[in-house]
Amino acid sequence: MDSIRRRINKHRESLYGHEYPPEWDHSQDVDSGGCLVTVAAGAEYDMVAARFGQDGFTSTITRIERVQNCNQWEEYVKRRNTVRGLNGGDANEALMIHGTSKTDPREIYANPLRGFSSNYSRDSCMYGRGVYFAYATSYSDNSYAHVLPSGERQLFVAKVTRGLVEQRSQSDTSIKVPAGNHNSVEGPVGSTRAIILYDVNQAYPAYLVTYRK
């Protein structure tokens, strides 16, 4: 079965021209939507954990799960390649933090058509109706972590294609899309800064981190 799924994924790669991340576990059934794969101790786990605590945020991580969603990944890679082509080969990709608050993260990672959505935002948000990603884990934890019945908390570590960033010094609820040839907006949120995307395919929910404070 594992070899069959590998051949299926290789066929998808040849059709769409999108190579899947080398760490993906092809024994998992990722064709019917997204799935979570537990990340074992090692370099990948350490990389995600380091990014999660990058701003000095302290927590006890109980598990890190990799999101494997073929459809979402293919759409993300297509958009990343477009942004890269518009910016001299630089997609300006970064790992950033996103919380879903009361929304079950499964609605993001398991959706076969799209992941992050501006439907959870509002026109009255600080930088308009977009999808917001924080540099600081502490910011997302304070206001947007998804809390499980066990008391554990969950946040996404997402791959974000920032491209050419429009820098803002203050909020502006009238923003519909970045100005000119910019691909994203960055502005202050509380004591830190966030990236706001108006094309949802510029982000992919790479990892779901479950933790305790």
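**Buried faces and enclosed spaces**

Trainee: What do the buried residues of α5 pack against?
Mentor: In this predicted model, the buried residues of α5 pack against α2, β3, β4, β6 and β10.

Trainee: Which residues of α5 are buried?
Mentor: T137, S140 and D141 are the buried residues in α5. Looking down the axis of α5, these buried residues fall within an arc of 100°, so they line one face of the helix.

Trainee: Which residues are buried in helix α2?
Mentor: Helix α2 spans residues 43–52, and E44, V48, R51 and F52 are buried there.

Trainee: What puts them on the same side of α2?
Mentor: The arc that they cover around the axis is only 105°, and therefore they lie on the same side of α2. The cover over the buried residues of α2 includes β2, β3 (93–98), β4 (131–134), α5 (137–144), β6 (153–161) and β10.

Trainee: Why is S117 called buried?
Mentor: The term buried applies under 20% relative accessible area. S117 has a relative accessible area of 9%, so S117 is buried. Its place is the loop between α4 (106–109) and β4. Leaving aside neighbours within four places in sequence, S117 is in contact with V131 and V200.

Trainee: How many residues does the protein chain have, and what share of them is buried?
Mentor: The protein chain has 213 residues, and buried residues make up 46% of them. Its secondary structure comes to five helices and 10 strands. Of the contacts between residues at least 6 apart in sequence, 72% join residues at least 24 apart.

Trainee: How many cavities of 30 Å³ or more are there?
Mentor: The count is two cavities of 30 Å³ or more. The largest cavity holds about 80 Å³ of space.

Trainee: What makes a space count as a cavity?
Mentor: A 1.4 Å probe fits in a cavity but cannot get out. Rolling a probe the size of a water molecule over the atoms shows where empty space is left.

Trainee: Which residues line the largest cavity?
Mentor: The lining consists of Q72, E75, Y76, L113, R114, G115, F116, V200, N201, A203, Y204 and P205. Each of α3 (70–86) and β10 (203–212) supplies at least two residues of that lining.

Trainee: How do the residues of the lining of the largest cavity divide into nonpolar, polar and charged?
Mentor: Seven are nonpolar, three polar and two charged. G115 is in this lining, and Gly counts as polar.

Trainee: What about the second largest cavity, and which residues line it?
Mentor: Its volume is about 40 Å³. The residues lining the second largest cavity are P21, E23, W24, R66, V67, W73, K159, Y204, A206 and Y207. Two or more residues of this lining come from each of β2 (60–68) and β10. β10 gives the largest share, three residues. The lining of the second largest cavity divides into seven nonpolar, no polar and three charged residues.

Trainee: What is the average pLDDT of the protein chain?
Mentor: The protein chain averages a pLDDT of 89, and 86% of the residues score at least 70. Over residues 1–5 the pLDDT is below 50, and this stretch has six contacts in the model beyond near neighbours in sequence. For residues 13–17 the pLDDT stays under 50, and the model has five contacts there beyond four places in sequence.

Trainee: What follows where pLDDT is low?
Mentor: Where pLDDT is low, the predicted coordinates should not be read in detail.

Notes
Residues numbered from 1 in each chain as written. Predicted model: local features only at pLDDT ≥ 70, side-chain atom pairs only at ≥ 80, totals over all residues. Heavy atoms only, no water. 1 Å grid on protein atoms, 1.4 Å probe; cavity = no way out; pocket = protein on both sides within 12 Å on 5 of 7 lines; lining within 4 Å. Points joined across faces, edges and corners; volume = space filled by probe spheres on them. Helix = DSSP H or I, 4+ residues; strand = E, 2+ residues; numbered from the N terminus. Buried < 20%, exposed > 50% of the residue type's maximum accessible area, 1.4 Å probe, protein only. Arc of directions from axis to C-beta. Contact = heavy atoms within 4.5 Å. pLDDT = per-residue confidence, 0-100.
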